Amino acid sequence: MNVSPQGFYKWLNRDESTQDIENRRILACIETIYAQHDGNYGSPRICAELKANGERINHKRVERLMREAGIVGKAGRIYRRRPLPENSCIKIENLQKEHGMPSKPDSQWAGDVTYLKINGQW
């Protein structure tokens, strides 16, 4: 590994860095927030919650800590609309076509009453 024995033992016996201590504390907070919300929260929501609790933290750090700990939020299902079955409404011809364009105001009237239910059908 091209490491001197002195360097290895120095690394092995050194104290934990303040960054590692801080990361462990933040990870504990992340795990509690994750557990409170039944695993539904991902890194953006957890980061927002940490900031709301007064923590000064970047979303990238939250993402990294969650990734290293194997914490993954639940993803929502993708909803795809299925095509509707063929419309069962009665098809009626356009009777206004026979009369042509109206020649003066109030000569032709039309309406839409498809929302009325008659004999149990729309």
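Visitor: What makes two rings an aromatic pair?

Guide: Rings of Phe, Tyr and Trp (its six-membered ring) pair if their centres lie within 6.5 Å; planes under 30 degrees apart count as stacked, over 60 as edge-to-face and the rest as tilted. The structure above is a predicted model, in which local features need pLDDT of at least 70 and side-chain atom pairs count only at pLDDT 80 or more, while totals for chains, interfaces and linings use all residues. Residues are numbered from 1 along each chain as its sequence is written, and side-chain values use heavy atoms, with hydrogens and water left out.

Visitor: How many aromatic pairs does the rule give here?

Guide: The count is two aromatic pairs. F8 and Y9 are edge-to-face, with 5.2 Å from centre to centre and 70° between the planes. F8 and W11 form a tilted pair, at 6.0 Å centre to centre and 35° between the planes.

Visitor: Where do F8 and W11 lie in the helix?

Guide: Helices are DSSP runs (H or I, at least four residues), numbered from the N terminus. F8 and W11 are three residues apart in helix α1 (residues 5–13), so about one helical turn separates them. Y9 is found in helix α1 as well.

Visitor: Is F8 buried, partly exposed or exposed?

Guide: Buried means under 20% relative accessible area, exposed over 50%, and partly exposed in between (1.4 Å probe, protein chains only). F8 has a relative accessible area of 36% and is therefore partly exposed. Y9, at 48% relative accessibility, also counts as partly exposed.

Visitor: Which residues form the nonpolar patch on the surface?

Guide: Patches are made of residues with over 30% relative accessible area and no salt bridge; like charges are joined within 9 Å, and nonpolar side chains (Val, Leu, Ile, Met, Phe, Trp, Tyr) within 5 Å. Accessible areas come from the Shrake-Rupley method with a 1.4 Å probe, and for residues only the protein chains shown count as cover. In this model M1, V3, F8, Y9, W11 and L12 form such a patch, with about 760 Å² of accessible area together.

Visitor: What counts as a salt bridge, and how many are there?

Guide: A salt bridge is a side-chain nitrogen of Lys or Arg within 4 Å of a carboxyl oxygen of Asp or Glu. The count comes to four salt bridges. One of them joins R25 and E22, whose closest N and O atoms are 2.5 Å apart. R25 and E22 are three residues apart in helix α2 (residues 18–36), so they are separated by about one helical turn. R25 is partly exposed at 36% relative accessibility, and E22 is partly exposed at 28%.

Visitor: Which parts of the chain does the pair of E55 and R25 link?

Guide: The side chains of E55 and R25 meet in a salt bridge, at 2.7 Å from N to O. This pair links distant parts of the chain, as E55 is in the loop between α3 (43–52) and α4 (59–69), R25 is in helix α2, and they are 30 residues apart. E55 is buried, with a relative accessible area of 19%. A network of salt bridges links E22, R25 and E55.

Visitor: How far apart are the closest N and O atoms of E68 and R64?

Guide: In the salt bridge of E68 with R64, these atoms are 3.7 Å apart. The two residues are four residues apart in helix α4, so about one helical turn separates E68 and R64. E68 counts as exposed at 56% relative accessibility, whereas R64 is partly exposed at 27%.
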